[in-house]
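This report describes selected parts of one protein model. Please keep the sequence and the 3D view open while reading.

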Amino acid sequence: MAVTQADVVLVGGGVMSATLGMMLRQLDPSLNIVMVERLDHVAHESTDGWNNAGTGHAGYCELNYTPEDDKGDVSIDRALTINASFEISLQLWSWLVEQGMLPEPKSFINRTPHMSFVWGDDGVAFLKRRYEKLGNHHLFREMEYTESPDVLHQWMPLVVDNRDPMQKVAATRIGHGADVDFGALTRSMVTYLEGTENFELMLSSPVTDLRKRKNGRWKVEVKDQKTGDRKKIDAGFVFLGAGGGALPMLQKSDIDEARGYGGFPVSGQWLVCQKPDIVEQHRAKVYGKAPIGAPPMSVPHLDTRIIDGKPALLFGPFAGFTTRFLKQGSLFDLFGSVKPTNLRPMLSVSRTNMDLTRYLIGEVFQSHADRVDSLRNFFPNAREEDWKLQEAGQRVQIIKKAEGGGGKLEFGTEIVAAKDGTLAALLGASPGASTAAHAMLDVIHRCFSERVKTDQWQERLRELIPSYGKSLVDDEALLTRVRERTLNTLRLRED
């Protein structure tokens with residue numbers, strides 16, 4: 001069996017692997033990089049445009065990033081962190097566009113105002129407190145707030161038309177929000193990488209074995225599903241960026257850092273409308289508050305989407321329970337992930353998350369009429385016949401050990417890396433793709449620790465990401481310079 005030599009193996013053809021590949025290619029063009037993907041083309045699972053919200057998660061509209069405690073105090077720390085992380089992605093994409101490595105920005109990103117919408121006295125009071133805290137920070141200084149029916153009609157006519165005039169409502173708005181087609185973005189990055197030297201893309205090639213050799217390198221075995229041939233790759237570094245498929249491979253790696261991790265899979269569905277007379281009336285992403293017990297991926301929102309250049313409206317997502325870790329995965333994925341090292345945390349989570357369990361069961365048994373009825377909270381005039389149900393992507397929420405030996409369910413993303421830096425995996429879901437550049441910087445720092453200290457890599461990283469090494473949360477002048485450039489380059493500035 002022939003053995004391919006590689007400095008870097010990227011497992012999974014999604015936005016995370018593509019982003020890491022692009023960054024490493026700029027840092028060291030001589031690296032031999034191999035990307036392996038189990039499907040016959042890249043960006044077809046969670047990265048595909050129809051499988052995620054495309055919201056360019058910046059904390060502008062996602063109310064779950066600003067939780068409120070029992071005393072009514074709104075915490076904005078997570079929103080600030082996520083916003084600054086998204087700005088890193090915008091900087092990287094801007095540089096790639098300027099260098100001609102990515103195509104015209106509108107092929108993957110389009111200006112779409114981000115709005116939060118609430119109703120009822122409690123909802124309005126919360127949103128106003130949220131606005132007052134966020135609006136005082138430079139990252140959110142462009143945020144607007146209104147309770148005015150006239151302004152709301154300008155911002156979101158579909159949402160306020162035919163609504164009960166006695167219902168108290170409010171909204172916030174950021175005009176330079178974005179809709180991102182992460183599928184198109186990823187395909188463009190992989191296309192660029194394929195045109196460079198020392199890069200190989202293996203499609204229809206699932207990983208069948210992953211073992212560490214005595215010399216510290218990794219043996220990655222894949223099977224070509226078209227020919228049946230098995231191939232071996234001898235790799236210095238392996239990145240597991242395969243979405244829900246990352247956890248089983250992380251377990252297969254048998255690194256100490258993987259012990260105790262489990263996964264809780266959640267499926268998703270959208271209501272989709274592609275009727276031009278309806279779609280053209282709504283150009284925004286409008287987020288509301290999540291139902292009690294709902295996971296963050298199920299925060300309801302009515303979104304303008306531009307996927308493969310075609311506009312549509314999406315509402316949802318509606319969650320459901322599945323045992324698959326990937327949309328095209330196996331029903332046995334969940335059961336196969338249960339190991340002696342994570343059994344106790346997984347059992348602990350199953351006992352302590354009954355609200356989530358009840359919520360998912362309720363979602364599974366909803367009818368089309370039930371789903372459209374939920375939509376009418378955001379679009380009072382919605383008609384059942386104008387909307388169809390479409391499957392979204394799979395998400396695998398992180399289960400990890402907690403103090404005392406139990407487990408806790410995490411709703412963010414997390415990098416798990418071997419102590420020697422030869423392997424890393426990205427686990428979790430939201431905010432996911434939007435913060436890919438920030439996450440991959442973390443991988444580079446943890447797994448290429450000596451090289452990233454060199455003047456060459458430091459200088460190059462500052463070219464790719466001008467704010468590198470500095471804090472956009474603390475430095476207002478830096479944020480102003482960075483945002484001016486990215487909004488202009490990516491054409492996100494308001495007309």
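Angles under 35 degrees count as roughly parallel, over 145 as roughly antiparallel, 65 to 115 as roughly perpendicular and the rest as oblique. The model is predicted, and local features need pLDDT of at least 70, side-chain atom pairs count only at pLDDT 80 or more, and totals for chains, interfaces and linings use all residues. Residues are numbered from 1 along each chain as its sequence is written, and side-chain values use heavy atoms, with hydrogens and water left out.

**Two helices**

Helices (H or I, at least four residues) and strands (E, at least two) are DSSP runs, numbered from the N terminus. Helix α2 covers residues 77-98 and helix α14 covers residues 455-464; their axes come within 8 Å and cross at roughly 90°. The axes are lines fitted to C-alpha atoms, for helices over the stretch in contact, and angles run from 0 to 180 degrees between N-to-C directions. The two helices α2 and α14 are therefore roughly perpendicular to each other. On the α2 side the contact (heavy atoms within 4.5 Å) uses Gln91, Leu92 and Trp95, and on the α14 side Arg460, Glu463 and Leu464.

**The nonpolar cores**

A nonpolar core is a set of buried Ala, Val, Leu, Ile, Met, Phe, Trp, Tyr and Cys residues joined through side-chain atoms within 4.5 Å. Buried means under 20% relative accessible area, exposed over 50%, partly exposed in between (1.4 Å probe, protein chains only). The largest nonpolar core has 86 residues, of which Leu24, Trp93, Phe239 and Met440 touch the most other members. Helix α2 gives the most to this core, with 12 residues. Another core, of 32 residues, lies apart from it and includes Val9 and Val207.

Phenylalanine 239 is found in strand β11 (residues 230-240). Its relative accessible area is 0%, so phenylalanine 239 is buried. Leaving out residues up to four places away in sequence, phenylalanine 239 touches several residues, including Met16, Leu20 and Met440. On the same terms, methionine 440 touches Met16, Thr19, Leu20, Met23, Phe239, Ile415 and Leu426.

Strand β15 (residues 310-321) is mostly covered, with nine of its 12 residues buried. Two strands pair if DSSP finds at least two bridges between them. The table lists two partners of β15.

| Partner of β15 | Bridges | Direction |
|---|---|---|
| β12 (residues 262-273) | seven bridges | antiparallel |
| β14 (residues 301-307) | seven bridges | antiparallel |

Valine 266 stands opposite phenylalanine 321 in β15, while histidine 301 has glycine 316 of β15 as its bridge partner. The hairpin of β14 and β15 has two residues between the strands, and there aspartate 308 takes a positive phi near 55°.
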